[in-house]
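Subject: Structure handover

Hello,

Here is the structure for your files. My notes on it follow below.

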Amino acid sequence: MEALKGIRILDMTHVQAGPTCTQLLAWLGADVIKLEPPQGDATRGQLRDVPNADSLYFTMLNCNKRSIVVNMKSAEGKQVFVDLLKKADIVMENFGPGVLDRLGFPWDKIHQLNPRVVMGSIKGFGSSGPYADFKAYENVAQAMGGAMSTTGVPEGPPFVTGAQIGDTGTGLHLAIGLLAALRQRDRTGEGQYVEVAMMDGVMNLCRVKFRDHQRLFRGPLSEYSVKTAQGMGAVPRAGNDSGGGQLGNAIHCKPHGPNDWLYVVVQEAVWEGLANRIGGDALAKDARFAKIADRRKNQDEMWQIITDFAKNYTKREFMAILNPLDVPCGPIMSTEDLANDEHVRGRDMWVELDHPQRGKWWNVGMPIKLSASPADIQRSPLLGEHTDEVLRSVLGYDDAKIASLKQAGAFSAPPKKAA
Ligand SMILES: CC(C)(COP(=O)(O)OP(=O)(O)OC[C@H]1O[C@@H](n2cnc3c(N)ncnc32)[C@H](O)[C@@H]1OP(=O)(O)O)[C@@H](O)C(=O)NCCC(=O)NCCS
């Protein structure tokens, strides 16, 4: 937790895209102060599994942060925000379009208040262009960034992927931008505005599909198991095709349940050994599969031969057969498999935590391993748990000032007017 020691982040982000970025930066050692509205980040109460406890949606994305409640719609709350801003290295938000302007804090105002601060901003579609005014959630970004049109099978509907490439993917992109901007700030003394649009982030993650899009101008895509033709336009959905230079597919194994599959890459270098093992000399010498171009052309038959062999083995048994042959392969791991996997536990990727409201729970660990700055994962904060602490220790407010701000409603929602 030493890498970002001394970096303070004023984190106004909510839901997933922003919080996933600030959680990562907290695990890298930054002091993340999550500034929440009086009702808290909406995810605290979404998809609750334990009554009256912060949901896993919230706890899994907000570890190692301090929570402070500030009502940004009150004049006193705005002043607290300004004071915090002046003590921050990074300020972050992923509100809907126009929200910060309505609150009175567009980037130029923030820059004027603290010229050194780096501002991170996530929008569905960025701050310019015809889509700039639209809100977005994960699957909207997957739909509009090219992921859905290229996921699934051609005759079926487009599919979203389970990996949260629109939200968490965007958070990762933002983290890179923020760290680069911090580096520049350290050289020049000047902060800057770092924006990542979810749609742009998804397009970046679909880069190889745009490779194929342009290859289609010149001819069909020989490695695709589905039919393609020069000039067909959109890249088709191609099931579990590898998407790379080597052929790959998911092979159904015994006992043929929903996750009894092994993903197998028939790498050029391993074909002979693989063919010998599953079909003997006859298959290894079969002209239909002699070279990679032949195997591409006849891949339906090749996958069928491999599937016929695999049907007598579980995915782990089939993997054990392929590993000594150096065939790149991996079982389809369910969440249940992963939560109980020795390798995952050994790499601290499934971490047990405690929480005052919900008791024991688990979080996915820190995937970025720094040798001199290992992450020390701590539970997420309760709503406003650190309000007083931050006001005192970061802003130097005294009891009288805190009491008068409380009285003025800086940290609470105004009482509802009688109907
Ligand atoms: C995610 C999203 C669709 C949610 O929409 P939403 O629930 O309507 O929330 P918004 O961000 O639009 O608005 C937040 C409101 O809370 C208010 N608010 C936020 N923090 C506040 C605080 N500390 N005190 C008082 N009010 C606060 C804002 O002022 C705004 O109110 P307004 O609409 O009256 O101006 C939207 O925030 C969005 O498109 N974000 C950008 C893309 C994104 O990150 N999406 C992925 C989320 S995982």
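In which loop is D326 found? D326 sits in the loop between α13 (315-322) and β9 (329-331). Helices (H or I, at least four residues) and strands (E, at least two) are DSSP runs, numbered from the N terminus.

Two points on reading the model. Residues are numbered from 1 along each chain as its sequence is written. The model is predicted: local features need pLDDT of at least 70, side-chain atom pairs count only at pLDDT 80 or more, and totals for chains, interfaces and linings use all residues.

D326 has a positive phi of about 65 degrees, although it is not a glycine. D326 is exposed, with 12 other C-beta atoms within 10 Å. The cut-offs: buried means 20 or more other C-beta atoms within 10 Å of the residue's own, exposed means 12 or fewer, and partly exposed is in between, with C-beta atoms placed from the backbone.

N52 is not a glycine either, and its phi is positive at about 60 degrees. N52 lies in the loop between β2 (31-36) and α2 (56-59). N52 counts as exposed because it has 8 C-beta neighbours inside 10 Å.

There is also a cis peptide bond, between K254 and P255, with omega about -5 degrees. P255 belongs to the loop between β7 (247-252) and β8 (261-266).

Domains

The domain assignment gives domain 1 (8-205 + 340-408) and domain 2 (236-252 + 261-331). These bounds come from an automatic or database domain assignment. The C-alpha centres of domain 1 and domain 2 are 43 Å apart.

Six-stranded sheet

Six strands make an open sheet in the order β3-β2-β1-β4-β5-β6, with parallel pairing. Two strands pair if DSSP finds at least two bridges between them. β3 (65-69) and β6 (193-197) are the edge strands, each with a single partner, so one side of each has no neighbour in the sheet. Neighbouring strands of this sheet are turned by 20 degrees against each other on average, direction ignored. Axes are lines fitted to C-alpha atoms, for helices over the stretch in contact, and angles run from 0 to 180 degrees between N-to-C directions.

β1 (residues 8-11) and β4 (residues 90-93) pair in parallel over three bridges. L10 is opposite V91 in β4. Helix α8 (residues 198-205) packs on the sheet, touches β5 and β6, and makes about 65 degrees with the direction of β6. Contact here means C-beta atoms, placed from the backbone, within 7 Å.

Three-stranded sheet

A second open sheet has three strands, ordered β7-β8-β9, with antiparallel pairing. β7 and β9 stand at the edges with a single partner strand each, so one side of each lacks a neighbour in the sheet. Six bridges join β7 to β8. The bridge partner of N249 in β8 is V264. Helix α12 (residues 299-310) lies across β7 and β8, at about 35 degrees to β7.

Ligand shell

Which residues are closest to the ligand? They are V15, P37, N94, G96 and K135, among 22 residues that surround the ligand. A residue counts as near if its C-beta atom, placed from the backbone, lies within 6 Å. α4 (99-103) and β5 (118-123) are the elements that give two or more residues to the shell. The largest share, three residues, comes from α4.

Best wishes

Note on methods
Contact = placed C-beta atoms within 7 Å.
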